[in-house]
Every structure is written in C-alpha cells, then in structure tokens.
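Me: I would like to go through this protein step by step. Could you show it to me first?

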Amino acid sequence: MRIRYVGVFLSESPLKTKIMAETIDLTGDGGVLKTVVRKAKDDAISPTDSLPLVDVHYEGTLAENGEVFDTTHEDNSIFTFEVGQGAVIKAWDLALATMKVGEIAKITCRPEYAYGSAGSPPEIPANATLIFEVELVACKPRKGSSLGSVSEEKARLEELKKQRELAAATKEEEKKKREEAKAAAAARVQAKLDAKKGKGKGKGK
C-alpha cells in the first residue's frame, strides 16, 4: 500500500494556504485512492471477521463532471453490506476494510475497481472513474451469527451429555454383568460345597 501526499487548498486568497492530506493507494496501481476527510477516534473499531456488517452514509460523484449519481444524504438513509463478500464494487470492499467507525474518507476508484466497461446505466457511464465520500457509521456482527453460535454450542453440549450418559449406561451395564457373573460363580461354589456336605452326611448314616 503506497502513501501519497496531495495538496488540499482551503483558501481562495492569493497565498492559498496549502494543507497536505494523506492519500493512500490501496491497490498499488492507483486504482483505489483513499483520502481521510475526518479521522476516527483512536479507540474506534474497524470491520473484522466477527463484525463484518457495516452501516455507511455516502455520496457518489462522477470524476469527469462532479455530477452526483447516488447519495444517502437526501433521505438520511443507511446503506448496510458485508465487507469482503463482493456485495459492492471492489473499491468499496478494499476501502471499507481500512476504515474505522466515525471516519469519513474520500475514495477515488478507476473503472476496473468500480463498474468497468459496462458502467451502470443510466447514472454511471462506461469506463467511469468515481469519487465517493463515505462515512463508516457502525460495524455489526453478521445477522444471526451470535444466535447460531449459541445454538451450535448448545447442540455440542447436548451431544456431549448424551455421550456421557451412554458411556455411564454402558459402564453400569458392564458392572451389572460382572456382579451377575460373580454371583453365579459364588452360587456354583456354594452348590459344590452343599453337594459335598450332602455326600458326607450319607456316608455317616
């Protein structure tokens, strides 16, 4: 990932105060450039395997003429998707993975990381470079993942319980068989003793 520095002019005075803003080349070929507009807090979270769903506000414009083709700001809506699953254009999957909650970034993406030669008519023409201003609002777990984990763990514990009960039943059955065998052996010995005693009594008469 390369880091470039680009000038952002905040004044129209003749002197034009120049502030250097950090622009990160996320792809190494200039295909996806990210410039942080507003930094997140240091302890802010980022998308992870356990928090792959993101809520974002955004506005998309055509680099060629600055025309807005899509925005969530008009109705203050939230767009939610799962990072890294191809649910959005490549540029978004790459850029959102590097962002933190509360961060606002400008993402410039070439056609090969956006809608390519097909475009997305009628709003986005073919081979269009796009510029998005994106705010990462929240990161969330995958829907049902926590419930799934709980149910899976419950099923695992239930299976372990069944295995323990089966093992205990088998052990008890083996113990019972040993006791029965021991009792049978004792009965045979006693029968032999009784038989000997009976023979002895007969001789005495």
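Me: What share of the contacts with a separation of 6 or more comes from residues 24 or more positions apart?
Reply: Such residues account for 58% of those contacts in the protein, where contact means heavy atoms within 4.5 Å. Please note that this is a predicted model, in which local features need pLDDT of at least 70, side-chain atom pairs count only at pLDDT 80 or more, and totals for chains, interfaces and linings use all residues. Residues are numbered from 1 along each chain as its sequence is written, and side-chain values use heavy atoms, with hydrogens and water left out.

Me: How many helices and strands are there?
Reply: The protein has two helices and eight strands. These are DSSP runs numbered from the N terminus, with helices (H or I) of at least four residues and strands (E) of at least two. Along the sequence, the pattern is β-β-β-β-β-β-α-β-β-α.

Me: What percentage of the residues count as buried?
Reply: Of the 205 residues, 27% count as buried. Buried means under 20% relative accessible area, exposed over 50%, and partly exposed in between (1.4 Å probe, protein chains only).

Me: Now the aromatic rings. How many aromatic pairs are there?
Reply: The count comes to eight aromatic pairs. Rings of Phe, Tyr and Trp (its six-membered ring) pair if their centres lie within 6.5 Å; planes under 30 degrees apart count as stacked, over 60 as edge-to-face and the rest as tilted. One of the pairs is Phe69 with Phe132, which is edge-to-face, at 5.6 Å centre to centre and 85 degrees between the planes.

Me: Which parts does that pair tie together?
Reply: Phe69 lies in strand 5 (residues 68-71) and Phe132 in strand 8 (residues 130-140), so the pair ties together parts 63 residues apart in sequence. Phe69 is buried at 15% relative accessibility, and Phe132 is buried at 3%.

Me: And why is the pair of Phe81 and Trp92 tilted?
Reply: The pair is tilted because the planes of the two rings are at 45 degrees, with the centres 5.8 Å apart. Phe81 is in strand 6 (residues 79-82) and Trp92 in helix 1 (residues 90-96), so this pair ties together parts eleven residues apart in sequence. Both Phe81 and Trp92 are buried.

Me: Which residues form the aromatic cluster?
Reply: Tyr58, Phe69, Phe79, Phe81, Trp92 and Phe132 form one cluster.

Me: Changing topic, where is Pro122, and is it buried or exposed?
Reply: Pro122 is in the loop between strand 7 (104-109) and strand 8. Pro122 counts as exposed, at 75% relative accessibility. The C-alpha atoms of Pro122 and Phe69 are separated by 9.4 Å, although these residues are 53 residues apart along the chain.
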